[in-house]
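I opened this entry to record what I looked up about a ligand and the space around it. My notes follow in the order in which I took them.

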Amino acid sequence: MSTRRFMISSRAIRDGYASFDGDIYNHMVRVLRLGTGDTVQLADEKGMVYSGTIDQVAKEWVAVKITSSSSAPPSDSTAPRITICQALPKGDKIDLILQKGTELGAHDFWLFGGRRSVAKLRDDQQESKLERWNRITAEASRQCGRPGIPEVSWRPSAVEAANDTEQELRLILWEGERENSLKDVLSASGKPTSVIVAIGPEGGFDPLEVRHFSQHGFLPVSLGSRILRTETASIAILAIIQYMWGEM
Ligand code: SAH
């Protein structure tokens, strides 16, 4: 098995040792069952990567002796930054989208209230939901050993999402599109530095939303004749773009 990498805070490191309790302890010791003598990699928010050996495992904390350190190569630096602009889906589907999207290398997630989103996010729920969603991407980043944690942010509607857009390539996955296939659009496009993809909720996009995104430079594309669930569309588009332009 290759050495596992953990995302840590630079504050955990002191005098040649790093010690952890809480989530990292649980993941290292309880979930992965690592123990004394096992080697691990630690990556912090400043881009440093440490190699170390587990030195001591106590009941609620673990200490790692640092054996070497280096600054991380900018991982996947040639891949475009991909923003998933996702209409809020029902129930806990969003958890899946955030978790799998993080594994597949999404740069960040913009969630927005779609006109046909059944799920609504009240103003007073925003803070706690965002905290929870950002915890999911942090946990998934740790799990898959990617550097950096995708940020999850909220926009009340497609209008705010479209208005905020700065990405070079802009796509809207639209089930009503009959002409532009994703394949044609991607093969005709040079590799962009950033991409944003808008994905509708279970009920699909309202024509007004499609028009609004189009006015902001989003190209409507089809994923073919089958209608995918919103979470499938979101996960599939990331895998496709990573295959095309990322390091897959
Ligand atoms: N209820 C809608 C389908 C919504 S599917 C209907 O029956 O028409 C949810 C979202 O996934 C869509 O808004 C779109 O963003 C994406 N999607 C699913 N299948 C797609 C396809 N074949 N082409 C493009 N986008 C698709």
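I sorted the lining of the second largest pocket by class and noted 9 nonpolar, 6 polar and 6 charged residues, where Ala, Val, Leu, Ile, Met, Phe, Trp, Tyr, Cys and Pro count as nonpolar, Asp, Glu, Lys and Arg as charged, and the others, Gly among them, as polar. I kept in mind that this is a predicted model, in which local features need pLDDT of at least 70 and side-chain atom pairs count only at pLDDT 80 or more, while totals for chains, interfaces and linings use all residues. Residues are numbered from 1 along each chain as its sequence is written, and side-chain values use heavy atoms, with hydrogens and water left out.

Next I turned to the ligand, whose shell has 10 nonpolar, 6 polar and 3 charged residues. Of the 19 residues around the ligand (a heavy atom within 4 Å), I listed Leu-173, Glu-175, Leu-223, Gly-224 and Arg-226 as those that come nearest.

Last, I checked the backbone: a polar backbone atom of Gly-200 is 2.9 Å from an oxygen atom of the ligand, and a polar backbone atom of Glu-202 is 2.9 Å from a nitrogen atom of the ligand.

Note on methods:
Polar contact = N/O pair within 3.5 Å; in protein donor to acceptor, adjacent residues only side chain to side chain.
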